[in-house]
Amino acid sequence: MEVVRNVYREDHEQFRTTVRRFLERECLPRQESWLADGIVDRETWLKAGREGLLGTSLPEEYGGGGGDFGHAAIIAEEMADVGVSVSFGLHSDIVAPYIARLGTEEQKQRWLPGVCAGETILAVAITEPGGGSDVKACRTTAVRDGDEWVINGSKTFISNGFISDMVMVICKTDPAAGAKGVSLIMVETNRAGFRRGRKLHKVGQPAADTAELFFDNVRVPASNLLGEVNQGFGYLMQELAQERLIIALYAAVALERLLGITVDYVKERKAFGGTIWDFQNTRFKLADAKAHAVAIRTMVDYYLGEHLRRKLTVNEAAIAKMHATETLWKCLDDMVQLHGGYGYMLEYPIARAFTDYRVSRVVGGANEVMRDLIARKL
């Protein structure tokens with residue numbers, strides 16, 4: 001039997017209809033041009049703001065939707081189901097919550113209305129050329145000089161790096177203190193000394209612009225510090241659970257969508273006097289994928305319900321992210337194989353998914369880091 005989903009309320013499902021219509025009307029027709037250009041046009045961001053698709057869980061007094069994480073999850077699910085790649089989730093549900101939770105009233109009034117309107121596009125700069133998932137090894141520094149912070153360093157693999165107007169930069173404010181010397185500082189991209197490097201050419205997700213960022217004596221007001229100085233590592237650990245749950249949500253929906261695509265393909269594809277579906281190996285592979293899809297959906301919905309009750313732990317989010325993405329990849333590899341040579345052609349959705357979703361085992365913390373987090377609790 002199919003999984004009966006009861007994690008969402010009626011208002012969530014009504015919002016799903018709004019999201020689906022927007023994606024089909026505004027995003028699907030532009031998808032090919034985004035893939036060619038390597039970036040999503042700003043007009044789509046502004047339209048998403050007008051439709052209430054940005055900052056859905058942010059308070060209404062700052063221009064947000066006043067909803068909860070369920071509304072954000074609906075957007076993530078619908079994007080994965082439609083096959084559209086836009087970094088609304090990174091902007092609204094990964095970076096903006098730091099401002100909403102840690103920001104002063106002045107900071108929230110100054111930044112969040114533009115964020116919710118799509119006028120100020122957000123990015124987060126954690127990864128450095130030599131650091132990978134190791135936040136403690138951050139080498140970008142921020143030194144206090146009077147009423148300003150002076151930032152020097154470089155970041156890489158930054159999603160929204162090319163289009164962003166404001167970046168939450170992870171800096172070392174006490175280089176000798178390791179994890180206890182990390183701070184979060186908001187940097188407007190029009191500041192002197194800030195420079196974008198080359199747009200990085202990824203294996204997949206070409207429309208999600210990714211860039212190198214450089215900071216050469218970039219001066220920002222002291223008031224751009226988020227939260228307390230040297231407390232950034234703890235803030236990151238608290239918020240990363242939501243990011244990892246979002247990745248698991250994408251994986252759950254993607255697996256369901258790609259399974260449907262593959263079943264349709266093998267039932268139509270003729271071979272050796274029948275169809276690919278007629279081979280027992282095909283049916284067994286897809287039966288396994290179906291069982292995995294049901295298991296992942298059940299797990300992710302349970303953790304989604306826990307997060308809506310603000311009970312999701314860092315360990316649980318690591319389990320969801322690691323297991324969902326590893327399972328998606330195993331099943332996706334089998335489904336590419338069932339497509340034969342066509343599975344390697346980018347005009348087929350399965351090939352595009354093969355390149356797009358490989359990174360899910362890396363982003364949000366590599367799955368090896370997830371395993372380490374899980375093992376600490378054993």
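# Chatting through a predicted model

Student: Starting with the largest cavity, which elements each supply at least two residues of its lining?

Tutor: α4 (69-82), α5 (88-102) and α7 (232-268) each do that. Keep in mind that this is a predicted model.

Student: Which of them gives the largest share of that lining?

Tutor: α4 does, with 6 residues of the lining of the largest cavity.

Student: And which residues line the largest cavity?

Tutor: Going up the chain, you have Phe-69, Ala-72, Ala-73, Ile-75, Ala-76 and Met-79, then Gly-89 and Asp-93, and finally Ile-246, Leu-249 and Tyr-250.

Student: OK, pockets now. How much space lies in the second largest pocket?

Tutor: About 270 Å³. Its lining is made of 13 residues, and the ones nearest the centre of the pocket are Ser-57, Phe-69, Pro-97, Gln-242 and Arg-310.

Student: Which elements give two or more residues to the lining of the second largest pocket?

Tutor: α5, α7 and α8 (280-308). α5 gives the most to that lining, with 3 residues.

Student: What does the lining of the second largest pocket look like by class?

Tutor: It has 6 nonpolar, 3 polar and 4 charged residues.

Student: Switching to Arg-16. Is its side chain's residue buried or exposed?

Tutor: Arg-16 counts as buried, because its relative accessibility is 16% and the cut-off for buried is under 20%. Arg-16 is in helix α1 (residues 10-27).

Student: Which side chains does the side chain of Arg-16 make a polar contact with?

Tutor: There are the side chains of Glu-77, at 3.1 Å, and Glu-78, at 2.8 Å. Leaving out residues up to four places away in sequence, Arg-16 touches Arg-5, Tyr-8, Ile-74, Glu-77 and Glu-78.

Student: What about the largest nonpolar core: how many residues does it have?

Tutor: It has 93 residues, and the ones with the most contacts inside it are Val-86, Met-168, Ile-170, Leu-184 and Leu-226. The largest share of this core comes from α7, which gives 16 residues. Apart from it lies another core, of 18 residues, including Ala-125, Val-218, Ala-222 and Leu-225. In soluble globular proteins, nonpolar side chains tend to be buried together.

Student: Let me pick Ile-170 from that list. What is Ile-170 in contact with, leaving aside neighbours within four places in sequence?

Tutor: Quite a list: Val-124, Ala-125, Ile-126, Val-135, Cys-138, Thr-140, Lys-155, Val-182, Ser-183, Leu-184 and Leu-236.

Student: On to α10. Which of its residues are buried?

Tutor: Helix α10 (residues 349-356) has Ile-350, Ala-351, Ala-353, Thr-355 and Asp-356 as its buried residues. They pack against α7 and α9 (314-338).

Student: Why does Thr-355 count as buried?

Tutor: Thr-355 has a relative accessible area of 18%, so it falls under the 20% cut-off.

Student: Which residues is Thr-355 in contact with, apart from neighbours within four places?

Tutor: Val-203, Gly-204 and Leu-346. Val-203 and Thr-355 are 152 residues apart along the chain, yet their C-alpha atoms are separated by 5.9 Å.

Conventions. Residues numbered from 1 in each chain as written. Predicted model: local features only at pLDDT ≥ 70, side-chain atom pairs only at ≥ 80, totals over all residues. Heavy atoms only, no water. Helix = DSSP H or I, 4+ residues; strand = E, 2+ residues; numbered from the N terminus. Buried < 20%, exposed > 50% of the residue type's maximum accessible area, 1.4 Å probe, protein only. Polar contact = N/O pair within 3.5 Å; in protein donor to acceptor, adjacent residues only side chain to side chain. Contact = heavy atoms within 4.5 Å. 1 Å grid on protein atoms, 1.4 Å probe; cavity = no way out; pocket = protein on both sides within 12 Å on 5 of 7 lines; lining within 4 Å. Core = buried A, V, L, I, M, F, W, Y, C linked by side-chain atoms within 4.5 Å. Points joined across faces, edges and corners; volume = space filled by probe spheres on them. Nonpolar A, V, L, I, M, F, W, Y, C, P; charged D, E, K, R; others polar.
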